Amino acid sequence: MEKYLLGIVADGRGKEVCERLVNAELDKLAHMCMPVFVTDGYRPYRAALLERYSTRVYNTGRGRRGYHLEPYSDFNYGIVEKTRMGKKLEKVRRYVAYGDVPEHLLNTSAIERHNLTIRLFNSRIRRRTVTFGRSRKAVQASLDLFKGFYNLCLPHSSISLRKKDNGGKRIDVTPAMKLGLTDHVWSINEVMSFLYRQNIN
């Protein structure tokens with residue numbers, strides 16, 4: 001796993017937010033890249049993903065005219081539904097909605113661990129804090145800054161080269177290095193002074 005954090009949206013839940021997250025963030029992937037998707041049972045996620053990774057098949061012949069969505073053959077999507085009674089977890093249901101998802105990937109632990117890491121590094125979104133964000137724009141800006149720090153500056157032990165595997169020398173590797181986007185661990189100064197130009201293509 002490359003550990004790369006693709007994007008964070010500072011907003012509530014809802015159909016429009018799901019569509020914005022799915023379409024805006026997945027546009028950053030390579031053209032032929034088709035990841036395996038795993039979400040909780042929130043229905044707008046399923047609708048947004050199916051709308052993006054499907055074709056419209058129009059009904060022909062007699063009966064009611066219209067169309068249905070036919071998912072792409074390589075669209076793999078799994079769902080993990082958790083039922084809670086108050087704060088207690090009662091039941092977990094895992095199933096594949098489309099395609100083929102390996103059983104070991106049918107969990108939401110990766111995104112939950114990401115959420116914990118984000119809260120630890122960004123006090124604006126902790127559950128109980130006096131440093132709460134006063135505007136959504138400010139919170140989003142702080143999350144964008146964290147995303148740059150996480151991907152470029154923060155080495156991860158699971159993808160770094162350990163001493164015993166690298167002739168006694170440890171090499172720190174960040175998610176951006178793992179994907180070949182950079183060749184070194186960035187400093188905060190590099191991130192803050194980097195001249196960014198958004199690719200409009």
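What follows is a chat about the overall layout, the nonpolar cores and one threonine.

Me: First off, what kind of model is it?
Reply: It's a predicted model.

Me: OK. How many helices and strands does the chain have?
Reply: Six helices and five strands.

Me: And what pattern do they follow along the sequence?
Reply: Reading along the sequence, you get α-β-α-β-β-β-β-α-α-α-α.

Me: What are the spans along the principal axes?
Reply: The C-alpha trace covers about 70 × 45 × 40 Å.

Me: How much of the chain counts as buried?
Reply: 28% of the 201 residues. As for the surface, the chain exposes about 14,800 Å², and carbon and sulfur atoms supply 51% of that.

Me: What about the charges, how far apart are the mean positions of the positive and negative ones?
Reply: 6 Å apart, with 36 positive and 20 negative charges in the chain.

Me: Switching to contacts: what share comes from residues 24 or more positions apart?
Reply: Such pairs make up 50% of the contacts with a separation of 6 or more.

Me: Now the packing. Which residues have the most contacts inside the largest nonpolar core?
Reply: Leu-26, Phe-37, Leu-49, Tyr-53, Phe-75, Tyr-77 and Tyr-98, in a core of 15 residues. At least two core residues come from each of α1 (15-26), α2 (43-52), β4 (76-85) and β5 (88-98).

Me: Which element gives the most?
Reply: That's α2, with four residues.

Me: Pick Tyr-53. What is it in contact with, leaving aside neighbours within four places in sequence?
Reply: Leu-26, Met-34, Phe-37, Pro-71, Tyr-72 and Phe-75.

Me: New topic: Thr-117. Where does it lie?
Reply: In helix α3, which runs over residues 109-121.

Me: And why does Thr-117 count as buried?
Reply: Because its relative accessibility is 11%, and the cut-off for buried is under 20%.

Me: So which side chain does the Thr-117 side chain make a polar contact with?
Reply: The one of Arg-113, at 2.6 Å.

Me: What else is Thr-117 in contact with, beyond four places in sequence?
Reply: Phe-146 and Tyr-150.

How values were computed
Residues numbered from 1 in each chain as written. Predicted model: local features only at pLDDT ≥ 70, side-chain atom pairs only at ≥ 80, totals over all residues. Heavy atoms only, no water. Buried < 20%, exposed > 50% of the residue type's maximum accessible area, 1.4 Å probe, protein only. Contact = heavy atoms within 4.5 Å. Areas by Shrake-Rupley, 256 points an atom, 1.4 Å probe, with all protein chains shown as cover. Lys, Arg positive; Asp, Glu negative; His and termini not counted. Charge placed at Lys NZ, Arg CZ, Asp CG, Glu CD. Core = buried A, V, L, I, M, F, W, Y, C linked by side-chain atoms within 4.5 Å. Polar contact = N/O pair within 3.5 Å; in protein donor to acceptor, adjacent residues only side chain to side chain.
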